[in-house]
Amino acid sequence: IDWTKGDFAGRAVLLEARNSGPRKRLATFLLPSRLSESDATCPSPAGHYADIIYRDGQMVGQFTSVAYSHTLDRPIALGFVSLADKPKDVKLKTFVETGRYEAEIVHRGHLVRVPLEVSLSCAVDPQGLRLQGLDAA
């Protein structure tokens, strides 16, 4: 946006959004490959969009897309995390990547919470080594 252009439709709303900062952040979530030793696999949220994300027991967002990663051999998801509880003096990355995350998904006809790992970077090859031909495979 060229803020020097003068007045235009929506300028006041855009300025307010710019000054207040982001309200939510898209993050990558890694689900466990299994819930316990007795479970063959972790219940995959694939097919159940909008599964609820919890941070330290508080609902903070939902999944927007989910899939099984054959590279990581586990389910992965993208979802938005609310920044409403982020303290002003804490960096966004630090806030999002700390805390205990869980997702509430359907498993064998019941809602269960599964632990999540969260990251703001790419889950597969975050350093881009595969693109450079430097991967170990």
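This is a predicted model: local features need pLDDT of at least 70, side-chain atom pairs count only at pLDDT 80 or more; totals for chains, interfaces and linings use all residues.
Local features need pLDDT of at least 70, side-chain atom pairs count only at pLDDT 80 or more, and totals for chains, interfaces and linings use all residues. Residues are numbered from 1 along each chain as its sequence is written, and side-chain values use heavy atoms, with hydrogens and water left out.

Start with strand β1 (residues 24–30), which runs antiparallel to β4 (residues 74–82) and is joined to it by seven bridges. Helices (H or I, at least four residues) and strands (E, at least two) are DSSP runs numbered from the N terminus, and two strands pair if DSSP finds at least two bridges between them. Strand β1 also runs antiparallel to β6 (residues 110–119), this time with three bridges. Phe29 takes part in both pairings: its bridge partner in β4 is Ala77, while in β6 it stands opposite Val118.

Now for the rings. Rings of Phe, Tyr and Trp (its six-membered ring) pair if their centres lie within 6.5 Å; planes under 30 degrees apart are stacked, over 60 edge-to-face and the rest tilted. That rule gives three aromatic pairs. In one of them, Phe29 and Phe63, the centres are 5.8 Å apart and the planes meet at 55°, so the pair is tilted. It ties together distant parts of the chain, since Phe29 belongs to β1 and Phe63 to β3 (residues 58–69), 34 residues apart. Both are buried (under 20% relative accessible area; exposed is over 50%, partly exposed in between; 1.4 Å probe, protein chains only), with Phe29 at 0% and Phe63 at 1%. Together with Tyr101, they form one aromatic cluster.

Contacts of Tyr101 (heavy atoms within 4.5 Å) include Phe29, Ile53, Val96 and Leu116, leaving aside residues up to four places away in sequence.

Helix α1 (residues 11–20) is another story: of its 10 residues the number buried is one, so the helix lies largely in the open. Just after α1, Gly21 adopts a positive phi of about 85°.
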